[in-house]
Amino acid sequence: MNASIIYKTNVKITVLDELAKELPVIIAEVMTVPGGNVARLKPEQVSLVFSQASTRDVGSDIKIILFAKSNDFRTSTGHDRANEILEKVVALNSRSGQECSVDVRLYFMEIAAAEHSLADR
């Protein structure tokens, strides 16, 4: 699971520190689906990438873009899961004392692999 966090310069470091600490746990809770150990997502499996937004960016103060593997259980409730993550991040943000606008986008991907060898000719 990959998450990209894009933030504006007005976002305080304390808010970013809280996101770095709590966001993997939030994502793991929300994105885990029924189905045994294979379907469980652990916070250690969530990769976060932070980057500062351009000065020309007119969007939200914090944009969280999540890339998840497509799964029948997940795709049917993708919008609900994005809203749940948004609510938890806003609650986390309000505890830090700084009000920031937040945008969460959840993209599902099909994971595939292909292989070619000279022996196949």
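**Close-up 1. Salt bridge between Arg-105 and Asp-103 in the predicted model.** The closest N and O atoms of Arg-105 and Asp-103 are 3.1 Å apart. Arg-105 is partly exposed, at 43% relative accessibility. A search of the whole structure finds 5 salt bridges, among them this pair.

**Close-up 2. Salt bridge between Glu-29 and Lys-88.** Here the closest N and O atoms are 3.1 Å apart. The pair links distant parts of the chain. Glu-29 lies in helix 1 (residues 13-31) and Lys-88 in helix 3 (residues 78-96). Lys-88 counts as partly exposed, with 28% relative accessibility.

**Close-up 3. Network of salt bridges linking Glu-29, Glu-84 and Lys-88.** Lys-88 also forms a salt bridge with Glu-84. For this pair, the closest N and O atoms are 3.9 Å apart. Both Lys-88 and Glu-84 belong to helix 3. They sit 4 residues apart, about one turn of the helix. Glu-84 is partly exposed, its relative accessible area being 33%.

**Close-up 4. Stacked aromatic pair of Phe-67 and Tyr-107.** The count of aromatic pairs comes to 1. The rings of Phe-67 and Tyr-107 are 5.8 Å apart, centre to centre. Their planes are at 20°; the pair counts as stacked because this angle is under 30 degrees. Phe-67 lies in strand 3 (residues 62-69) and Tyr-107 in strand 4 (residues 102-109), so the pair ties together parts 40 residues apart in sequence. Phe-67 is partly exposed, with a relative accessible area of 31%. Tyr-107 is partly exposed as well, at 39%.

Terms used:
Residues numbered from 1 in each chain as written. Predicted model: local features only at pLDDT ≥ 70, side-chain atom pairs only at ≥ 80, totals over all residues. Heavy atoms only, no water. Phe/Tyr/Trp six-rings, centres within 6.5 Å; stacked < 30°, edge-to-face > 60°. Helix = DSSP H or I, 4+ residues; strand = E, 2+ residues; numbered from the N terminus. Buried < 20%, exposed > 50% of the residue type's maximum accessible area, 1.4 Å probe, protein only. Salt bridge = Lys/Arg side-chain N within 4 Å of Asp/Glu carboxyl O.
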